[in-house]
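User: Could you take a close look at one part of this model for me, and then show how the chain around it is put together?

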Amino acid sequence: MPVKQLEANLRHEPDLAIIELHGEIDGFAEEALDKAYLEAESKQPKTILLNFTDVNYINSTGIALIVSLLAKARKEHRRLAISNLSDHYKEIFQITRLADFMTIFPDEPTAREALMNLD
Amino acid sequence: MAYPIKNFWRILVGDSSREEKASVPVVGEGQSRGIEIGFEFPVEDPIVAYFQSAPGAVEVDKINLDSPALLTLKQAGVKLVVPLISQGELIGLLNLGDRLSEQDYSVDDQRLLNNLASQAAPAVRVAQLVRQQQIEVRERERLEQELRVARIIQETLLPKSVPEVQGWRADAYWQPARAVGGDFYDFIYLPDGRLGIVIGDVTDKGVPAALVMATTRSILRSTTERVSAPGKVLERLNNLLVADIPRNMFVTCLYVVLDTSNGRLHYANAGHNLPFRSGDGGVDELRATGMPLGLMPDMDYEECEAQLAEGDTLLLYSDGIVEAHNPQRQMFSFDRLRSILQVHPGGATLVEFLLAELADFTGDDWEQEDDVTFVTLERDRQDNRSIPVSKIAKEPEIKEGQEEEQEWKVLKEFQLPSQVGMEREAMDLVAEAISGLNLSVDQFNRMLTAVAEATMNAIEHGNHFDSEIPVQIRVLVKEDSLCVKIRDQGGGQIVPEKEAPDIEAKLTGAQSPRGWGLFLIKNMVDQMEIISDETHHTVALFLNLRGGQDAS
């Protein structure tokens, strides 16, 4: 079965780095996800937003990767936020209580506006 | 002229081969035998003041003082004494016996000797100071080395690991304020199968406290082999300690005996901080009265009982945390500790959490004032526990076989190689099979996530990624239920007790970020069952088709 590698596209905005994710968040996604996160960090944004717009599968290994990113972000006092998450995975983020530690926005514009008001 | 003085320098400044003997070294020279004297003058002897103020060489016979030291000098045959004075301080004596010619010392001789003394005194003083410093450095190094060894020995007196008992989680922390300390804790596996938990605190710090700690621990251990009631254990421990413990020292000690099968606690307390119990019922202290150990013989120790319910945490702790001060000289206090327990859910991260709170409170420059020790004990909640294999084997709620499945209709049956990523294939095939059922989107997605996770577990833990061994999947349906069975060849294995995933623990690093699989499965479906035999391990996932957990 062909494995669909995760693609992570990074965009920098003032105080904000957006990582747009395409593909699946599982064990295979680790390298791409970590690389994108490291690059996002390099400009010291206040917030890193993970946009899940084109993610149709997240498994428990993927959850573990997100937990690791969140732990890292918290250590560096950086905000990690989420957008465009499907209802099913939103439920999973709630069950795992990831949602208690990162804000989930419906989409990028809402996230941008809310984050601007926060800062 | 006088004889050259034998061992002059060695006597004045000492040497490495012997302890420094004299604060005022005395060197002597005998007429023909080279007498050497070296002794300490008592400071109160009048001769010390006499030499101190003498302008130079003094003829011993002309001194008229009631002085034992003078007698000693005379007996040693000393005729002339030249005091060595440096910065107004008497640092030594140049003692001369009779002249070889048996003549008296001339004025010239005395002048020469006075000159010699005034030159020699500062040099001797420097040599004495250097030597003194060398001794101090060596002494300090020796003490430090001894303390390092003492620390290692003391650590061997503490448990090497915490008890691993199913349904319980224990944790401990011990940090003396100095190299060694008077705090201790212990876990004792009692002959009747119960678990003894001890925390104690010897008054004072450092080496004296550590010595008493070692004694207390040994006596306590041997006592618990013969006596089991906590009150009686402390009573006997107290009577044995009273005889041996130095005056003004005592030991506070809490001894708890836990029945791990039902959470029942029996405990007695010899003046130690009251332990906190926290859980759904709030935070309370477990009280029991008793005097500290080692003060008075024949004391009674009240024995009390308490219950640790599922999800409850017991915290034993020493003074070191509650009596820590911040830079404003405020104390950490019992109240602060209690409020922390009120907000913390307890369990595996509690020790770490307490340490972080303590560090926050005291600030970076805190010099630890007293030994700090914690022991935590948490009773798991039943629903967080995976079911032990033996229990599954005895209670096969659903049987593999035709008889049971007669009323079930098989929608699909397939197998997949045990390779990474195959769970996606499983999802697609199950999705195809159940798409005709009247499931809500949520139910549909939940089942697929559960199937993916169970398949991943089968590939990894059951079949160990061996692509020759298939994962077998059957999709079954009956009137009101959907069931997906995922079977691997991991039967007969011990299923390790899984720690319930705790996001806070994972974010602080106290737990691995992984370990979500089983948790997700349980939360995705209405029911999950595990059947295990010698060869196979099967996970059955159920969804209610009518009036299930989510009818949306």
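Analyst: Happy to. The buried residues of helix α8 of chain B have a cover that includes β10 (276–279), β11 (282–285), β13 (313–317), α7 (319–322) and α9 (350–362) of chain B. Cover here is a matter of contact, that is, C-beta atoms placed from the backbone and lying within 7 Å. Helices (H or I, at least four residues) and strands (E, at least two) are DSSP runs, numbered from the N terminus.

This is a predicted model, in which local features need pLDDT of at least 70 and side-chain atom pairs count only at 80 or more, while totals for chains, interfaces and linings use all residues. Residues are numbered from 1 along each chain as written, and chains are lettered from A and ligands numbered from 1 in the order written.

Now to the helix itself. Leu337(B), Ile340(B) and Leu341(B) are the buried residues in α8, which spans residues 334–343 of chain B. Buried stands for 20 or more other C-beta atoms within 10 Å of a residue's own, exposed for 12 or fewer, and partly exposed for anything in between. If you look down the axis of α8(B), the buried residues fall within an arc of 100° (taken from the directions from the helix axis to the C-beta atoms), so they line one face of the helix. Turn to the other side of α8(B), and you find Asp335(B), Gln342(B) and Val343(B) exposed.

Stepping back to the whole chain, chain B contains 15 helices and 19 strands. Of its 552 residues, 36% count as buried. If we take the contacts in chain B between residues at least 6 apart in sequence, 68% of them join residues at least 24 apart.

A sheet elsewhere in chain B is worth a visit too. Five strands form an open sheet in the order β6-β7-β8-β9-β12, with antiparallel pairing; two strands pair if DSSP finds at least two bridges between them. At the edges stand β6 and β12 (303–307) of chain B, each with a single partner strand, so one side of each has no neighbour in the sheet. Further in, β7 (residues 195–202) and β8 (residues 251–259) of chain B run antiparallel and are joined by eight bridges. In one of these pairings, Ile197(B) has Val256(B) in β8(B) as its bridge partner.

With 18 other C-beta atoms within 10 Å, Ile188(B) is partly exposed. Beyond its neighbours within four places in sequence, Ile188(B) is in contact with Gly196(B), Val198(B), Arg221(B) and Thr224(B). Pro159(B) lies 29 residues from Ile188(B) in sequence, and their C-alpha atoms are 9.1 Å apart.

Finally, chain B meets chain A. The contact between them takes 21 residues from chain B and 20 residues from chain A. On the side of chain A that touches chain B, α2 (60–75) and α3 (87–95) of chain A each supply at least two residues. The largest share of that side comes from α2(A), with eight residues.

Note on methods
Two residues are in contact if their C-beta atoms, placed from the backbone, lie within 7 Å.
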